[in-house]
Amino acid sequence: MQLLWEHCKKELEGKIDRHNYNSYIKPTKQLQYSNNKLSILVPSTYLADWLEKHYLTMIRSIINHQTAAENKITFVVDSAGHKEAHTPAPAQAKKKAAKAKSDASQLKSQHSFETFVVGKCNEFAYASALACAKKPGAKYNPLFLYGGVGLGKTHLMQSIGRYILDKNKGANVLYLSSEYFVNQMISAMQKGQMDRFRKKYRNLDALLVDDIQFIAGKDRSQEEFFHTFNTLFEMGKQIIVSSDQFPKDIKRLEERLKSRFQWGLIADILPPSFETKIAIINKKAELNGYMMPLEVAEYLAQTIKSNIRELEGCMARIIAYASLSGRSVNLQLAQETMDGVYSEAIKHVDVAMIQKVITSYFDLKRYDLKSKSRARKVVVPRQIAMYLCREYTDESLPRIGELFGDRDHSTVIHSHKKIKRELEVNTKLYNDFKAVTKILEL
Ligand code: ADP
Ligand code: MG
């Protein structure tokens with residue numbers, strides 16, 4: 001009777017919506033059938049609940065019909081497969097060692113190289129991170145990762161930390177945010193324990209400091225970090241730093257730190273393409289034990305411009321909404337979920353739309369915005385366009401620069417600043433700006 005469930009699946013496939021079938025029925029397997037008891041293996045609790053609520057009656061009637069008997073049906077969650085997907089590999093002992101060595105162990109198990117989806121936008125950062133993880137201190141030191149919010153900097157840094165710890169049991173690896181560094185230092189100062197603090201931070205095999213921009217403007221912390229950096233660097237220990245900006249653009253960051261961050265390798269992470277977003281959605285769904293119908297994945301990838309954290313948030317919301325309302329995950333449900341709560345976060349415009357509207361409003365040629373022309377009638381609209389791109393799209397500064405005739409990202413920053421200032425004092429510009437935003441429905 002091994003095939004009982006397979007027969008039932010075939011029948012269900014003809015009876016129910018294709019997406020529901022693919023999402024809920026397809027990933028299941030027969031576990032056992034004996035004494036009129038059928039156990040079905042499902043990849044997650046969520047799926048088990050859902051099937052029980054929506055399809056149990058239909059399934060029971062098919063099975064009863066096929067076996068000409070009354071049957072009891074149970075869904076069993078495949079906890080083994082589930083766990084494996086969540087925490088790839090590390091043995092318990094290794095995990096314990098890792099915990100002891102990594103301070104408050106801020107390394108999250110789901111952040112590993114295996115769970116990181118590589119696309120064009122991040123392949124360079126990924127390769128650099130992997131190289132550092134394989135040979136800490138040997139190749140790129142320091143490694144500076146930079147990219148917009150929610151693009152995977154923390155995920156990559158933590159993957160490096162985990163990898164080093166998994167490969168070298170005794171490695172002394174510390175991952176922390178720069179804010180944590182500042183707080184630890186203040187507390188050490190207050191308690192008169194600076195020697196201990198220094199010993200801890202200068203005795204590492206790898207130091208990973210996330211979101212370094214928070215240290216800017218804090219003189220004492222920068223000073224301390226500078227010396228920590230030098231000590232570790234001289235000993236050939238790996239240093240990895242991340243930020244949402246390029247080193248030289250971080251305001252109030254000491255020059256000597258800026259210059260050190262540029263000694264090694266700077267790798268940026270750009271916003272993901274549509275295809276990469278789809279791949280990430282599928283990966284996240286797989287890790288959480290469910291399937292996202294393609295139409296929903298496409299809708300999400302189109303709607304959420306770049307922030308992957310936001311993408312994950314939307315996925316979780318959709319799954320929760322479906323589960324609570326007892327409906328299946330489909331496009332309509334996804335749209336309803338997003339309309340209700342996420343409408344503000346949804347960006348309606350992209351760079352191409354902004355350029356098009358600006359060109360037509362200011363009566364320019366299509367090429368003007370990307371040209372080198374310094375004529376005022378071109379410069380101002382170009383600056384307004386860049387301002388809008390920075391404010392209303394999720395594109396990174398370098399990417400916006402690139403889309404305006406390969407300009408440097410500092411030009412985008414400059415334009416943004418200039419327009420921001422002008423909007424407060426220049427009525428003509430303000431009126432033009434308002435008209436353009438109205439056309440764009442911003
Ligand atoms: P950042 O530190 O750049 O703000 P995070 O590393 O915290 O971003 O990423 C936000 C979320 O998106 C995390 O849950 C992370 O796992 C996920 N994420 C980002 N990039 C990827 C990727 N390439 N593959 C899989 N998940 C990703
Ligand atoms: Mg982060």
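User: Where is I73 placed, and what makes that stretch a strand?

Analyst: Happy to start there. I73 is in strand β3, residues 72-77. Strands are DSSP runs of E with at least two residues, helices are runs of H or I with at least four, and both are numbered from the N terminus. The model is predicted, so local features need pLDDT of at least 70 and side-chain atom pairs count only at pLDDT 80 or more, while totals for chains, interfaces and linings use all residues. Residues are numbered from 1 along each chain as its sequence is written, chains are lettered from A and ligands numbered from 1 in the order in which they are written, and side-chain values use heavy atoms, with hydrogens and water left out.

User: Why is I73 called buried?

Analyst: Buried means under 20% relative accessible area, exposed over 50%, and partly exposed in between, with a 1.4 Å probe and protein chains only. I73 has 9% relative accessibility, so I73 counts as buried.

User: Why does L107 count as buried, and where is L107 placed?

Analyst: The relative accessibility of L107 is 13%, so L107 counts as buried too. L107 is in the loop between α6 (92-101) and α7 (123-134). From L107 to H155 there are 48 residues in sequence and 9.2 Å in space, C-alpha to C-alpha.

User: Which residues are closest to ligand 1, and how many surround it?

Analyst: Ligand 1 is surrounded by 18 residues, and the closest are V117, G150, T154, H155 and E312. A residue is near a molecule if one of its heavy atoms lies within 4 Å of it. Helices α8 (153-167), α13 (274-287) and α15 (308-325) each supply at least two residues of this shell.

User: What makes the approach of T154 to ligand 1 a polar contact?

Analyst: A polar contact is a pair of N or O atoms within 3.5 Å; within protein, one must be able to donate a hydrogen and the other to accept it, and residues adjacent in sequence count only if both atoms are side-chain atoms. A polar side-chain atom of T154 is 2.7 Å from an oxygen atom of ligand 1. For G150, a backbone N or O atom is 2.7 Å from a ligand 1 oxygen atom. In R309, a side-chain N or O atom lies 2.8 Å from an oxygen atom of ligand 1.

User: How many residues does the protein chain have, and what share is buried?

Analyst: The protein chain has 442 residues, and 49% of them are buried. The chain has 21 helices and eight strands.
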